[in-house]
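Hi,

Here's the structure I said I'd pass along.

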Amino acid sequence: MAIKKYEKEDIKIVWESEKCIHSANCAKGLASVFKPQEKPWIQPEGATKQAIIDQVIQCPSRALSIER
Ligand code: SF4
């Protein structure tokens, strides 16, 4: 199972590929960070830490989570 982690200041954005249902909520909600067409597809420099946290908690499958 692929788990990817992306650092943003003192947190990590965690993405578990097998849980992702590709609803694209993240890409629609915060397109400056979540870019499914690019590599890496999560680019934490694109928004503030709080904006990222606010988007991550809306992931319907919990493929996205925050590690503190
Ligand atoms: S919101 Fe969650 S389930 Fe939907 S595409 Fe993003 S990571 Fe995958």
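Before the pocket notes, one term: a pocket here is an open set of grid points with protein on both sides within 12 Å along at least five of seven lines, and a lining residue has an atom within 4 Å of one of those points. Also keep in mind that this is a predicted model.

On to the largest pocket. It holds about 210 Å³ of space, and 16 residues line it. Nearest its centre you'll find Cys20, His22, Ala24, Cys26 and Trp41. Helix α1 (residues 25-29) supplies the largest share of that lining, with 3 residues. Sorted by class, the lining comes out as 11 nonpolar and 5 polar residues, with no charged ones.

So where does the ligand sit? In that largest pocket. The residues around the ligand include the run Cys20, Ile21, His22, Ser23, Ala24, Asn25 and Cys26, and also Cys59, Pro60, Ser61 and Leu64.

Strands β1 (residues 3-8) and β2 (residues 11-16) pair in the antiparallel sense, over 6 bridges. If you want a pair to orient yourself by, Lys5 has Val14 in β2 as its bridge partner. There are 2 residues between the two strands, and Glu9 in the turn has a positive phi of about 50 degrees.

Cheers

Technical notes. Residues numbered from 1 in each chain as written. Predicted model: local features only at pLDDT ≥ 70, side-chain atom pairs only at ≥ 80, totals over all residues. Heavy atoms only, no water. 1 Å grid on protein atoms, 1.4 Å probe; cavity = no way out; pocket = protein on both sides within 12 Å on 5 of 7 lines; lining within 4 Å. Points joined across faces, edges and corners; volume = space filled by probe spheres on them. Helix = DSSP H or I, 4+ residues; strand = E, 2+ residues; numbered from the N terminus. Nonpolar A, V, L, I, M, F, W, Y, C, P; charged D, E, K, R; others polar. Pairing = 2+ DSSP bridges. Near = heavy atom within 4 Å. Sits in = over half its atoms within 2 Å of the grid points.
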